[in-house]
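Please look through the sequence and the structure below before reading on.

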Amino acid sequence: MKFLPAKLERKFRRLKKHSRSSLTRKLDVMHESARKKVIEENCDAYKNQKHSEYECRKRPTKFPGGTRETFLSEGSFHQAVGRVLLVAEFFAMMPVKGVTAKHPGDLSFSWRNVRTCFCLVFIASSLANFGLSLFKVLNNPISFNSVKPIIFRGSVLLVLIVALRLAQQWPTLMMYWHEVEQGLPQYPSQVGKGQMGHTIRMVMLVGMMLSFAEHLLSMISAIHYARYCNSTSDPIKNYFLRTNDEIFYVTSYSTALALWGKFQNVYSTFIWNYMDMFVMIVSIGLAAKFRQLNNDLRNFKGMHMAPSYWSERRIQYRNICVLCDKMDDAISLITMVSFSNNLYFICVQLLRSLNTMPSVAHAVYFYFSLIFLIGRTLAVSLYSASVHDESRLTLRYLRCVPKDSWCPEVKRFSEEVINDEVALSGMKFFHLTRKLVLSVAGTIVTYELVLIQFHEDNDLWDCNQSYYS
């Protein structure tokens, strides 16, 4: 009765209240008391859970195989990614000190560190190798296939520089990540704590094994190629002349330069594969944080919860979104290089698949490399898209909030989930969602149809042009 004065409106409501029967008033009171009781029980359950989590962190219980502090440190992204970064440091990437420490506060970066010096030396070496490849390509007829060494070595050099810049930011990023993790609902079991770390280790292990197998098959195929194009009587010299032809295009053969070229090739191959796995690992970590929040929302799905519960969960969701934005700003260039690289090399490999394979070893290496490249690109797309999928999954639980528990905090929470675009990106040019997989596939098909029209069948064992440099 908005049109009545305040005093008349109060009298009207009082009259309306007394006009109801005593039975109706009793039923209303019983319904209201039952509703409040259910809300209080759910809120008490939530408070008991938070209290048990707090007591669990304080209780000095001993666990087999280590102290309680060791047990509680599991489940953090810093601990899960420590050994992965340690392997990267061996290959002149991410020169951060303290990656295997228990707490991210022990991370540090220094220009005087041995790791950083090794990284700078390898960047200078990669720059020299890139210059030699560029000189060789520019002094020969340029084609879609001949620029492959420039794309490969240029991408490796760019990733090395970006990784060095990321290493400077890594201690700050991990400290913020740790603060976000501390504010999230705790894992209910040890299995849940170790799931993210197990997934990251398996991705790294499988990726490195397949990368090693691909490089081994490449060496076997190159040995067959060197035996066919034997310019000298020394088979080892023939191998290095064919696989490092950009070096010996401007200088005479020497064992030191041959070993340097092989060392450069092995490290560049690892870095080329590692940039895809690094994007996958960061995506796994971010998706795990959203999943950790969603699991808590699922436990209270459909229950009557207090507004403070939804306010707390909304703040936690917002913190993960900010973390996702920070990580995207730090690795977006690596993501851009990764997807553009994979797109180019898939087109090159599909175009070369139209040629006749000269040997069984060459065919095995070629098709293994093609399948591995396509699978790796698909894995990067799906793992990266899982961040967006998990962020949108929160809306499913918000839609199950009972009508009596709907409050402004739930409405604000749901509006943030609906309107925000939470996903990793390639320098903001594209966002990594499931729709991107179809877009990339369509782009590859389009480019391939255009390239096939200008394709000419080439001999893959053309001794005048090496396909292994």
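In this predicted model, the axes of α8 and helix α12 (residues 360-398) come within 9 Å and cross at roughly 155°; helices are DSSP runs (H or I, at least four residues), numbered from the N terminus. Axes here are lines fitted to C-alpha atoms, for helices over the stretch in contact, and angles run from 0 to 180 degrees between N-to-C directions. Because the model is predicted, local features need pLDDT of at least 70 and side-chain atom pairs count only at pLDDT 80 or more, while totals for chains, interfaces and linings use all residues. Residues are numbered from 1 along each chain as its sequence is written, and side-chain values use heavy atoms, with hydrogens and water left out.

**Helices α8 and α12**

- The two helices α8 and α12 are therefore roughly antiparallel to each other, a term for angles over 145 degrees.
- The crossing of α8 and α12 is left-handed, which is the case if the near helix is turned anticlockwise from the far one by less than a right angle, whereas clockwise gives a right-handed crossing.
- Residues of α8 including Thr199, Val203, Gly207 and Leu210 meet residues of α12, among them Ala361, His362, Val364 and Tyr365, where contact means heavy atoms within 4.5 Å.
- By class, this contact of α8 with α12 has eleven nonpolar, eight polar and one charged residues (Ala, Val, Leu, Ile, Met, Phe, Trp, Tyr, Cys and Pro count as nonpolar, Asp, Glu, Lys and Arg as charged, and the others, Gly among them, as polar).

**Helices α8 and α10**

- Helix α8 (residues 190-228) also packs with α10, at an angle of about 155° and with the axes 10 Å apart, and that makes α8 roughly antiparallel to α10.
- The crossing of α8 and α10 is right-handed, and the contact has 14 nonpolar, eight polar and three charged residues.

**Helices α7 and α11**

- Helix α7 and helix α11 (residues 307-352) pack at an angle of about 160°, with their axes 10 Å apart, and they are therefore roughly antiparallel to each other.
- The crossing of α7 and α11 is left-handed, and their contact has 23 nonpolar, six polar and three charged residues.

**The second largest cavity**

- The second largest cavity is lined by Met93, Met94, Ala163, Leu166, Tyr274, Met275, Phe278 and Ile334; a cavity is a set of points on a 1 Å grid over the protein atoms alone where a 1.4 Å probe fits but cannot get out, and lining residues have an atom within 4 Å of a point.
- The elements that give two or more residues to this lining are α7 (148-183) and α10 (255-299), and the largest share, three residues, comes from α10.
- The lining of the second largest cavity divides into eight nonpolar, no polar and no charged residues.

Definitions and conventions
On a 1 Å grid over the protein atoms alone, a cavity is a set of points where a 1.4 Å probe fits but cannot get out, and a pocket is an open set with protein on both sides within 12 Å along at least five of seven lines; lining residues have an atom within 4 Å of a point. Angles under 35 degrees count as roughly parallel, over 145 as roughly antiparallel, 65 to 115 as roughly perpendicular and the rest as oblique.
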